[in-house]
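Colleague: I have not looked at this one before. Can you walk me through some of it?

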Amino acid sequence: MVTFLPSRAGRLADVPSFDRGIGGAESNVACALAAAGHRTRWVSRVGADGFGDHLVEAIARYGVDTRAVRRDPQRPTGIYFRTADDRDTDAHEVLYYRAGSAASAMSPDPESVDHTALAAGRILHLSGITAALSADCLALLRELTAPRAGRPLVSFDVNYRPGLWSGEADQANAGPRVLLDLARGADLVFVGEDEAADAWGITGGPDAIRAALPEPATLVVKQGSEGATVYTEDEPAVFRAALKVDVVAPVGAGDAFAAGFLSATLRELPADQRLRHGHLMAAAALTVPGDLATPPVRGDADRLAALDAEAWGTLRLGPGWTDGVPEDGALTKDVPVNTEAKEEART
C-alpha cells in the first residue's frame with residue numbers, strides 16, 4: 001500500500017497534510033532483507049496508476065526484484081492513513097482504503113499472481129494481513145501453506161489486526177481461527193505474546209503458545225520490550241532479551257525483527273543468534289520515524305550479536321547507531337565500517 005504519514009501529531013481530522021511513503025508487511029520485510037545484502041523478490045499486485053508506479057519504483061530502489069509484481073488496470077492501489085501517535089495508545093488511528101484494491105484480487109488463479117516466482121525462493125514469507133483482504137487472498141494463503149513436496153520454507157507472521165476482520169460478526173470471529181490454521185501449515189511462525197492473547201485467548205506465556213502451535217518446526221514468540229523466545233524441533237526453547245532502545249517511532253519493528261531473524265536463518269546461524277539479529281534489525285527500525293530503516297552493516301551486526309550477556313544487556317541504541325560500530329562493539333558515530341555484505345549461506 002501507499003502510506004500517508006501525518007505532518008504532525010494529533011487526530012486525523014486535525015492533520016492538515018501528509019507525507020507519502022510505502023507500507024505493507026511483506027514488502028517491508030523484502031526491503032529490509034535486500035538492504036541487508038540478500039536477494040529478495042516481492043510478489044504482489046498493484047494498480048496501473050501513479051501510486052502503483054510509486055510503490056514498484058520505491059521498493060525496487062531498495063534492491064528488491066519487482067518483476068513479479070502484476071499491474072491491474074481495473075483496480076486501484078491500496079492506501080492507508082495513520083496518525084503519528086504510538087500504536088499502543090487509544091489516540092492512534094489507522095484508516096485503510098483497500099477494499100477492492102489490486103492486491104485484494106490475488107488468488108490461487110495463476111493469472112492473478114506469479115506462482116512460479118512464489119515457488120522459486122529459499123524462503124516464502126507471508127502475512128496474516130493478506131488473508132484478511134478478501135476470500136480470494138485467503139484461498140491463496142491456504143494453498144501456499146498447504147503441505148506439498150518441494151515447497152520453499154514457508155515463513156508466516158500472524159500479524160493479527162482486529163480492524164481488518166471487523167466486518168460481520170462471523171467474519172470477525174473467523175479471523176483468529178483462520179490465522180491459527182494458516183500458522184499450523186507454516187514452517188516458521190512469528191507471533192506476539194500480546195496478539196496470541198488477543199486472537200486466541202492464550203495468556204500462559206510462550207510455553208502455552210507453543211502448546212497451541214506444536215506444528216511449525218520453528219516458532220518465534222515476540223515478548224515486546226522483554227525479548228523473544230524461539231522454539232525449534234527437538235531443541236530446548238531459547239530466550240534472548242531485547243535491546244534498550246531510544247524509540248523514535250514504534251512502527252515497522254515487527255517486520256524488521258522478522259527480516260533480521262530470516263537473514264540469520266539464511267546464513268544458517270544458531271537460534272540464539274537469529275533472535276539477536278532480529279532484535280538488532282528491530283532496533284534500527286525503532287530509531288527512525290518511518291517503517292523502514294538502514295540496517296547495520298553485516299559485520300557490525302555480527303559483532304554486536306556476539307557480545308556476552310552482560311555487554312548485550314548494557315547496550316543502549318539511539319538514532320544514528322547504524323552509522324558505525326567499532327571492533328570492540330562500543331558505539332560511536334565516527335568509525336568507518338566495511339559496507340561489503342557477504343553472500344548468504346547456501347544449502
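Predicted model: local features only at pLDDT ≥ 70, side-chain atom pairs only at ≥ 80, totals over all residues.

Colleague: Sheet to start with. What is the strand order?
Modeller: The order is β2-β1-β5-β6, in an open sheet of four strands with mixed pairing. Strands are DSSP runs of E with at least two residues, helices are runs of H or I with at least four, and both are numbered from the N terminus. Two strands pair if DSSP finds at least two bridges between them.

Colleague: Which strands stand at the edges?
Modeller: β2 (18–22) and β6 (94–97) do; each has a single partner strand, so one side of each has no neighbour in the sheet.

Colleague: How do β1 and β2 pair, parallel or antiparallel?
Modeller: β1 (residues 2–6) and β2 are antiparallel, over five bridges. Within that pairing, Phe4 is opposite Arg20 in β2.

Colleague: Which helix packs on the sheet?
Modeller: Helix α2 (residues 50–61) does, touching β1, β2 and β5 (79–82). Contact here means heavy atoms within 4.5 Å. The direction of α2 makes about 60 degrees with that of β2. Such angles run from 0 to 180 degrees between N-to-C directions, and axes are lines fitted to C-alpha atoms, for helices over the stretch in contact.

Colleague: Now the helix pair. At what angle do α1 and α9 cross?
Modeller: The axes of α1 (residues 25–35) and α9 (residues 253–266) cross at roughly 50 degrees and come within 8 Å. The two helices are therefore oblique to each other: under 35 degrees counts as roughly parallel, over 145 as roughly antiparallel, 65 to 115 as roughly perpendicular, and the rest as oblique.

Colleague: Which residues meet there?
Modeller: From α1, Ala25, Asn28, Val29, Ala32 and Leu33 meet Asp255, Ala258, Ala259, Leu262 and Ser263 of α9.

Colleague: Loops next. Where is Asn159, and is it buried or exposed?
Modeller: Asn159 is in the loop between β8 (153–157) and α6 (169–185). With 8% relative accessibility, Asn159 counts as buried; buried means under 20% relative accessible area, exposed over 50%, and partly exposed in between (1.4 Å probe, protein chains only). Asn159 is not a glycine, yet has a positive phi of about 45 degrees.

Colleague: What about Glu268?
Modeller: Glu268 also has a positive phi, near 60 degrees. Glu268 sits in the loop between α9 and α10 (271–286) and is partly exposed, at 43%.

Notes:
Residues numbered from 1 in each chain as written. Heavy atoms only, no water.
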